[in-house]
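Please view the sequence and the model together while reading.

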Amino acid sequence: MAADGVGGISRAERWSLAGTAALVTGGSKGIGHAIVEELAGFGATVHTCSRNAAELEECRRRWEEKGLPVTVSVCDVSVRAEREKLMETVNQTFDGKLDILVNNAGQMPLKAAVEWTADEYSQLMTTNLESCFHLCQLAHPLLIHASIAGGSSIVNISSISGSIAYKGVALYAISKGGMNQLTRSLATEWAPNNIRVNAIAPGFITTDMTRNIDKNILEQEYSKTPMRRSGEPVEVASTAMFLCMPAASFITGQVIFIDGGRTISG
Ligand code: NDP
């Protein structure tokens, strides 16, 4: 079966997520939080997760106040059984269908390559890469039943570190480089199922993850960035939202850089 185009629907339908169901991991803050709000703001019903129950409940309360349709559950994506439980919750919440999966939850420990222990290696790879692969696998039967025009979508939140080299993030870089190739492989394998798979590779974005980075390092980074600043979570979220829309129906297997031009400069 070929992936469906969207020639037969209206412009308004091409730019809407009305009636769709989405799962976003790591939605309690930062980029994931902005993606939840962007998807819900354009019509999706969203389920999100993170590890801190109190923080998540506070988010849920604020989303309810804003009238955004978002449900939450606690899940540590580094634990296989918790991923399985999360997808079971999603299955029940959305009656066996899912239109959008955003693999956003991730961590970036800073450490010289010689200092990593085997356990730390394993923990980071499980959190950033294995969880992404496994959640895609678990979501596959639900994404096949999606009804969104132009195909259901997986968006993996990668990083420019998966493509250009920085000191102190060797393992993070491997995990994000692996995510980029996973994205291309699944895009090829699942196009016949009408599932599009793309990745977003942000540059420096102002979130808790980057808040404590040394000011000198940030200044150096801005000097290599044509736009001379870091990005905001919503600037990543709006692209994630676009990739999930019927308007993006012929885009699959791509890694989209959102980095103020960092990766094109010397
Ligand atoms: P934040 O630290 O601000 O937010 C991370 C979110 O993920 C939180 O909701 C956190 O909640 C959740 N999370 C972390 N670990 C787990 C886990 N094991 N299971 C479930 N949820 C988890 O990070 P950012 O928003 O900055 O980063 C989001 C993604 O974007 C990451 O994949 C990161 O690698 C990527 N990225 C970020 C960049 C940046 O400059 N900020 C640049 C490039 C890529 P809790 O801790 O309560 O579980």
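## Ligand contacts

The model described here is predicted. In this model, a polar backbone atom of Lys29 is 3.5 Å from an oxygen atom of the ligand. For Ile31, the distance between a backbone N or O atom and an oxygen atom of the ligand is 2.8 Å. Gly203 also takes part through its backbone, with a polar atom 3.5 Å from a ligand oxygen.

The ligand on its own has 890 Å² of accessible area, of which the protein covers 94%. The ligand is surrounded by 31 residues. The closest of them are Ser28, Arg51, Asn104, Tyr172 and Thr207.

## Packing of two helices

Helix 4 spans residues 80-93, and helix 5 spans residues 118-144. The two pack at an angle of about 35°, and their axes are 10 Å apart. Their crossing is right-handed.

On the side of helix 4, the contact involves Arg80, Arg83, Glu84, Leu86, Met87, Val90 and Asn91. Their partners in helix 5 are Thr126, Glu130, Ser131, His134, Leu135, Leu138, Ala139 and Leu142. Sorted by class, this contact comprises 7 nonpolar, 4 polar and 4 charged residues.

Note on methods. Residues numbered from 1 in each chain as written. Predicted model: local features only at pLDDT ≥ 70, side-chain atom pairs only at ≥ 80, totals over all residues. Heavy atoms only, no water. Axes fitted to C-alpha atoms, helices over the stretch in contact; angles between N-to-C directions. Helix = DSSP H or I, 4+ residues; strand = E, 2+ residues; numbered from the N terminus. Left-handed = near helix turned anticlockwise from the far one by under 90°. Contact = heavy atoms within 4.5 Å. Nonpolar A, V, L, I, M, F, W, Y, C, P; charged D, E, K, R; others polar. Near = heavy atom within 4 Å. Polar contact = N/O pair within 3.5 Å; in protein donor to acceptor, adjacent residues only side chain to side chain. Areas by Shrake-Rupley, 256 points an atom, 1.4 Å probe, with all protein chains shown as cover.
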